[in-house]
Amino acid sequence: MPEPLAPPSTEPLAGDAAEETQRVQTALAAVAAELSERGRTAGGEAQEVLEAASLMAQDPALADDIAGRIGQGTNGERAVHDAFDQFKTMLIALGGYMAERATDLDDVSQRVVARLRGVPAPGVPESDVPFILLARDLAPADTATLDLERTLALVTQDGGPTSHTAILARSKSITAVVGVEGLLAAVEDGTRVIVDAKTGLVALDPTDAEVEAATAEAETRAARADAPITDGALADGTKVPLLANVGRPEDAAKALELGAEGVGLFRTEFLFLDAKEAPSVASQTDSYTRMLQAFEGKKVVVRVLDAGADKPLAFLNDAEEENPALGLRGIRALRASEQILRDQLEALAAADAATNADLWVMAPMIANQEETEYFVALGREHGLKTVGAMAEVPSIAVLADQVMEAADFVSIGTNDLTQYTFAADRMLGTVASFQDPWHPAVLRLIQMLGEAGAAAGKPVGVCGEAAADPALAVVLVGLGVTTLSMSPAAFADVRAELLEHTLEQAKAKAAASLTATTAQGARDAAAAA
Ligand code: PEP
Ligand code: MG
């Protein structure tokens, strides 16, 4: 278990200020270099995260602030701690994406203090034997650079299933369970544990028989990962296309390698999290063209900018809101800044014209028929042929028949649909137990959408994390879902599970799970059916 460092003492500086300043500068430079080096080794998404952290350690304003504090008699460790803390407060006040970065400053500050003390940086301990890592939470840099040879699984006390840690862990295929209340108090270092990411259960001190069963299950999973890549289908041949959730054109190669039959969710806002100003039509056209080119002849569902709450964009969300998840986000924010939406649709149409993929476009957070009509009309005006709505707000399920009249398709975002069904913030560890798409309340809403889609002859996909849970994927198909979109790391498991069931069996499992009263009850009922 990684231990945080004790806070630096407030004792005044004992030695020479110039020497102490030099010592701190050396430590800052060493931490910056180490973070860059770790980024280069990790590559991809992790490299971006670590480069950003390295830049924080090289920030000249911070260095000046630290030197000033030392000049006034503060010891070096304390000066680093206080200067980073003040910088963090400033970033939080700026709000949005900068505020999200603020917690990464703690990690950098701790690394510098550790170097000054000559002790190892807090973080993932080194180990020669494979281990299961338990932690309060991990800095994104730690999750991104975990030694996959040795880390058998990851369990954290904080964070919800859609937190940064969970998403990075999934993208690297690390077995992870997050938001386990009371974890650190309950488990001693060296305890034998079983972690089952599929059910979210962590078993302490298991019996030998339990270990044997878990080992067998892990072997089945490994065999699945090696199975041939085929298109998604049930045992009776019913097609269930497996589509990829992607955030940038660079994600395409890996998705295709793992068998993506197309893209079911391109989260375009991921391209612009750092942008201060709305991106130009030309730069957007370039990104979308690259994505569409990679999927020539295949379907690509692009979501227009989903800004707000957990994904704030500086150029779209500038108002302070008490409850940003219930505020001007998704289609509501775009509608309030319609030119940004028009520019994006123009860029998408240009990319579509230049490529040969089958482009579908959808809007997040659509709540009713009127919003659907608004978005579909705007899409058509820009020449887009397939325009749909994401089902994330429960009202859309209640009004599913009306929405289906206006939309070409619906894609269910189970992460938000679950958060809004239970009024439980998806980012908050304290209410993480509500964030379970197996709950019959969520399944019944999905059933309403599936039935309305079938009646209208319109496709209904799922693109939330629920689609990546193999047992739930079968239930979703039984509820009328026609495509499944997920992080490509989940394809092998979902593909294998679908192949073991006919449509009749999937429907029986769905019917059984709908009558349960709890999420666990629904899991059990589906397994027994
Ligand atoms: C969802 O809400 O389920 C979804 C797919 O969108 P995001 O996770 O990006 O909010
Ligand atoms: Mg969403």
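**Domain division**

Into which domains is the chain divided? The chain is divided into domain 1 (17-117), domain 2 (131-224) and domain 3 (229-495), with bounds that come from an automatic or database domain assignment. Between domain 2 and domain 3, the C-alpha centres lie 28 Å apart.

The model is predicted: local features need pLDDT of at least 70, side-chain atom pairs count only at pLDDT 80 or more, and totals for chains, interfaces and linings use all residues. Residues are numbered from 1 along each chain as its sequence is written, chains are lettered from A and ligands numbered from 1 in the order in which they are written, and side-chain values use heavy atoms, with hydrogens and water left out.

Two strands pair if DSSP finds at least two bridges between them. Strand 2 (residues 151-156) pairs with strand 3 in the parallel sense over two bridges. Val-155 has Val-177 of strand 3 as its bridge partner.

**The magnesium site**

Glu-392 (OE) and Asp-416 (OD) coordinate the magnesium ion (ligand 2) at 2.0 Å. Glu-392 lies in the loop between strand 10 (386-391) and helix 15 (394-398), and Asp-416 in helix 17 (residues 414-421), so the pair ties together parts that are 24 residues apart in sequence. Helices are DSSP runs of H or I with at least four residues.

Donors are N, O and S atoms within 2.8 Å of the metal (3.2 Å for Na, K and Ca); water is not among the atoms, so sites may look incomplete. Both Glu-392 and Asp-416 are buried, that is, under 20% relative accessible area with a 1.4 Å probe and protein chains only.

**The surroundings of ligand 1**

Ligand 1 is surrounded by 14 residues, each with a heavy atom within 4 Å; the closest are Arg-267, Lys-311, Glu-392, Asn-415 and Arg-426. An oxygen atom of ligand 1 lies 2.8 Å from a side-chain N or O atom of Glu-392. Backbone atoms also take part: a polar one of Asn-415 is 2.7 Å from an oxygen atom of the ligand, and an N or O atom of Asp-416 is 3.0 Å from an oxygen atom of ligand 1. The protein covers 99% of the 290 Å² of accessible area (Shrake-Rupley method, 1.4 Å probe) that ligand 1 has on its own.

Methods
Buried means under 20% relative accessible area, exposed over 50%, partly exposed in between (1.4 Å probe, protein chains only). A polar contact is a pair of N or O atoms within 3.5 Å; within protein, one must be able to donate a hydrogen and the other to accept it, and residues adjacent in sequence count only if both atoms are side-chain atoms.
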